[in-house]
Each structure stands twice: as C-alpha cells, then as structure tokens.
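Take a look at the sequence and the structure first, then read on.

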Amino acid sequence: PLVLGIETSCDETGVGIVRGTTLLADAVASSVDTHARFGGVVPEIASRAHLEAMVPTIERALEQAGVSARDLDGIAVTAGPGLAGALLVGVSAAKAYAFALDKPLYGVNHLASHICVDQLEHGPLPEPTMALLVSGGHSSLLLAPDITSDVRPMGATIDDAAGEAFDKIARVLDLGFPGGPVIDRLAREGDPAAIAFPRGLSGPRDPAYDFSFSGLKTAVARWIEAKRAAGEEVPVRDVAASFQEAVVDVLTRKAVRACKDQGVDHLMIGGGVAANSRLRALAEERCERAGIRLRVPRPGLCTDNGAMVAALGAEMVARNRPASDLELSADSSLPVTDPHVPGNHDH
Ligand code: ATP
Ligand code: MG
Ligand code: FE
C-alpha cells in the first residue's frame with residue numbers, strides 16, 4: 001500500500017511516503033533552531049511552525065516520491081503522545097486531506113512508529129520483536145508481538161528519559177540544545193572510564209527492566225560543580241564520555257537481559273537516542289555475544305520523521321486494521337499499548 005504519514009508531535013514537521021516497507025520520500029522541516037535559544041522546545045512556537053510548514057512539507061514529500069495524492073491508499077498521522085497543540089496541527093491536516101481526497105485515515109501512536117520505521121531499513125519486523133525505545137520523552141522496553149495491535153510494556157524509566165538526561169547534562173556543560181548529538185561527538189574524544197558515574201536501578205533487588213537516570217544526572221551535575229568550585233577546569237570530553245557510558249551500559253544490559261528472559265532473539269532499538277554512536281556500538285557487541293540479532297535504523301530514521309508514521313500506517317492497511325473516523329482527535333498522553341486509534345464504527 002501507498003501511504004503518506006504526518007508527524008508533528010514535537011518540533012519536527014515530518015511527512016513521509018512509503019509503499020509497503022519501501023521508503024519513497026522523507027521530508028522534514030524542523031523548528032529546533034528557534035527553540036535552541038530557549039534551551040528546550042517551546043510548545044507555542046512549535047505549533048505555529050507546524051502550521052507554516054505543513055502544506056509545503058506535504059507537497060515536497062509528494063514531489064520527492066513522484067506520486068500523486070490521488071494514488072494514496074491511506075493517510076496516517078501521529079495521534080499521540082506528544083505536545084497537544086503540535087499534534088493538533090498534524091491531525092487536522094491529515095483529516096482535511098483524507099476528507100478532501102476520500103482516503104482512509106489512520107491515527108497512529110508515535111512510539112509504535114519509532115519501532116515500525118525499522119521495516120523501511122531492514123524489512124518486515126520479526127514477531128515478536130523486543131524494542132528498546134529511547135527518546136526525548138520515553139525510555140522503555142517493549143515486547144511487540146504485533147506492532148499494529150499488540151505492544152506490551154516490560155519496563156520503563158521511573159524518572160527522566162534517556163534523551164532528557166543527555167539534554168540536561170548538555171545544558172549544565174553549556175553545550176546547547178539538543179544535547180544528545182553534541183555529547184555523542186565530544187565523547188568520542190573522551191575516556192568513558194575516567195569517572196565512575198552511578199548505574200541506576202542496577203542492584204540485585206532492583207526491577208530488572210526499569211530505568212532511572214535522575215540520580216545519574218544529579219551525580220554528574222555535582223561532580224561538575226565541585227570541579228568549578230575548586231577552580232579546576234572541567235574535562236568536558238571525559239565527563240561526556242563517562243556520562244554517556246553510564247547511560248548506554250544500563251540500557252544495553254537490560255535490553256539484552258529482557259530478550260534472554262523472554263526467549264526473543266531480535267532486539268530493535270528506536271527513538272532519537274538510538275542515533276547515539278556508542279549505544280549502537282555497545283548494543284552490537286553485547287547482542288553478538290548473546291546470540292541476539294540487532295536491528296537499529298540509520299540515525300536519520302531514529303529521530304522524529306514522517307516516514308515512521310507512514311511505515312506504521314502502511315502496516316495498518318496491509319493488515320486490514322480499522323481506519324480512524326474523521327472525529328479522530330489528538331491524545332497528548334496516548335498510551336504505548338494503543339498502536340492506533342480506530343474509529344467508532346457506527347457508520
Ligand atoms: P518522544 O519520542 O519520546 O515523544 P521526542 O520525539 O522529542 O520524544 P526524539 O526526536 O525521538 O524525541 O528524540 C530526541 C532526543 O534524542 C533528544 O533528547 C536528543 O538529545 C536525543 N538524541 C538525538 N541524537 C542523539 C545522539 N546522537 N545521542 C544521544 N541522544 C541523542
Ligand atoms: Mg526533535
Ligand atoms: Fe519521538
């Protein structure tokens with residue numbers, strides 16, 4: 001099926017077009033530079049930017065794919081979770097296009113899309129797939145027997161998300177926003193064993209699949225403050241490398257353990273933090289040792305984009321999942337257990 005996907009849950013206006021598991025177009029307009037001045041995403045600015053970028057980005061995607069909107073088999077859109085106003089722009093646009101073109105509408109889950117996008121790179125997802133979803137707002141281990149209808153949380157962060165921790169540490173180090181890519185780059189020139197930062201929830205009595213990054217964040221911030229107070233120079237590269245190592249060590253260890261415990265031989269890693277080069281390398285190493293096949297999409301498909309929404313929408317069409325109706329509304333806290341938002345079916 002030929003499906004167009006619209007993503008506006010945060011600061012990226014993404015429009016992707018896929019045919020089944022083949023990527024035809026991936027157009028993204030980001031307002032990140034505007035938010036950088038404020039050190040984080042400002043919801044009102046994001047909504048306005050989506051409004052301005054929406055139609056041009058849809059047109060750019062159609063042009064890139066070389067298809068006509070009339071030939072689409074469906075229009076998919078992120079229904080949640082995310083920023084309410086930002087989501088609303090995408091949902092309204094998708095409804096307008098679906099109505100005007102008389103095409104089925106699929107309101108889908110942003111988190112399930114972060115997983116499903118890997119089909120565009122590595123082909124159909126094995127069932128079940130274990131997914132480590134690590135992004136700006138989420139850090140979870142999910143077991144997905146069917147990405148269109150059955151996603152089960154195994155564990156999640158009890159405080160900060162992994163991406164949030166990267167962004168906060170970058171702020172303490174005055175590295176700008178978003179912090180993940182900068183820390184990733186600096187860490188390559190640092191020593192990951194220079195400072196022993198704590199590994200959250202890693203004791204024998206701690207929950208096996210849950211994460212905690214707020215203690216780590218505090219420990220790193222205190223360490224930096226102590227250096228500054230002593231008038232010493234902060235070894236930014238070593239701090240970045242040691243902090244990053246503490247995050248990816250716990251993420252990969254728990255993900256591999258979940259696969260082993262559940263007898264799942266595939267691990268998928270998705271979400272913005274999956275773009276992290278050290279996370280990718282350590283996961284590769286540990287999965288190989290454990291006999292687990294690792295699937296991580298290329299970095300451009302890990303961060304928010306429209307192709308991931310189109311990928312999940314195409315899977316909904318392929319599996320004859322019920323379309324959403326035109327009363328579809330955005331749900332800023334759509335639970336991860338709802339891969340899509342079907343309609344009422346009284347028509
Ligand atoms: P969610 O998907 O939970 O709604 P989001 O959509 O804001 O959150 P994504 O776009 O999926 O998040 O990811 C953004 C996050 O990924 C930011 O916190 C950013 O710092 C982080 N990130 C991006 N690239 C890297 C990298 N190379 N290393 C570490 N973190 C990264
Ligand atoms: Mg973003
Ligand atoms: Fe995201």
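This is a predicted model: local features need pLDDT of at least 70, side-chain atom pairs count only at pLDDT 80 or more; totals for chains, interfaces and linings use all residues.

**The whole protein**

Let's start with the parts list: the protein has twelve helices and eleven strands. Its radius of gyration is 20 Å, close to the 20 Å that the globule rule gives for 347 residues, so the protein is as compact as a globular protein of that length. If you follow the C-alpha trace along its principal axes, it spans about 65 × 45 × 35 Å. Of the 347 residues, 53% count as buried. And how do contacts relate to the sequence? Take the contacts between residues at least 6 apart in sequence: 75% of these join residues at least 24 apart.

**An open sheet**

Now for the strands. Five of them form an open sheet in the order S8-S7-S6-S9-S10, and the pairing is mixed. At the edges you'll find strand S8 (150–156) and strand S10 (293–295), each of which pairs on one side only. From one strand to the next, the twist averages 25°.

What holds strands like these together? Strands of a sheet pair through backbone hydrogen bonds, either parallel or antiparallel. Here, S7 (residues 139–146) and S8 run antiparallel, with five bridges joining them. You can look up one such pairing yourself: Leu143 has Arg152 in S8 as its bridge partner.

**The annotated spot**

Which residues does UniProt label "binding site"? The entry, which is unreviewed, puts that feature at His110, His114 and Asp304. These residues span 195 residues in sequence, yet no two of their C-alpha atoms are more than 8.8 Å apart, so they gather at one spot.

Who are their neighbours, once residues up to four places away in sequence are set aside? His110 is in contact with Ser9, Thr78, Gly80, Pro81 and Gly82. His114, for its part, touches Leu133, Ser135, Gly270, Gly271 and Met308.

Conventions: Residues are numbered from 1 along each chain as its sequence is written. Chains are lettered from A and ligands numbered from 1 in the order in which they are written. Two strands pair if DSSP finds at least two bridges between them. Helices (H or I, at least four residues) and strands (E, at least two) are DSSP runs, numbered from the N terminus. Axes are lines fitted to C-alpha atoms, for helices over the stretch in contact, and angles run from 0 to 180 degrees between N-to-C directions. UniProt positions are given in the numbering used here, feature names are shortened, and annotations may be inferred rather than shown by experiment. Two residues are in contact if their C-beta atoms, placed from the backbone, lie within 7 Å. The radius of gyration is taken over C-alpha atoms; the globule rule is 2.2 Å times the number of residues to the power 0.38. A residue is buried if 20 or more other C-beta atoms lie within 10 Å of its own, exposed if 12 or fewer, and partly exposed in between; C-beta atoms are placed from the backbone.
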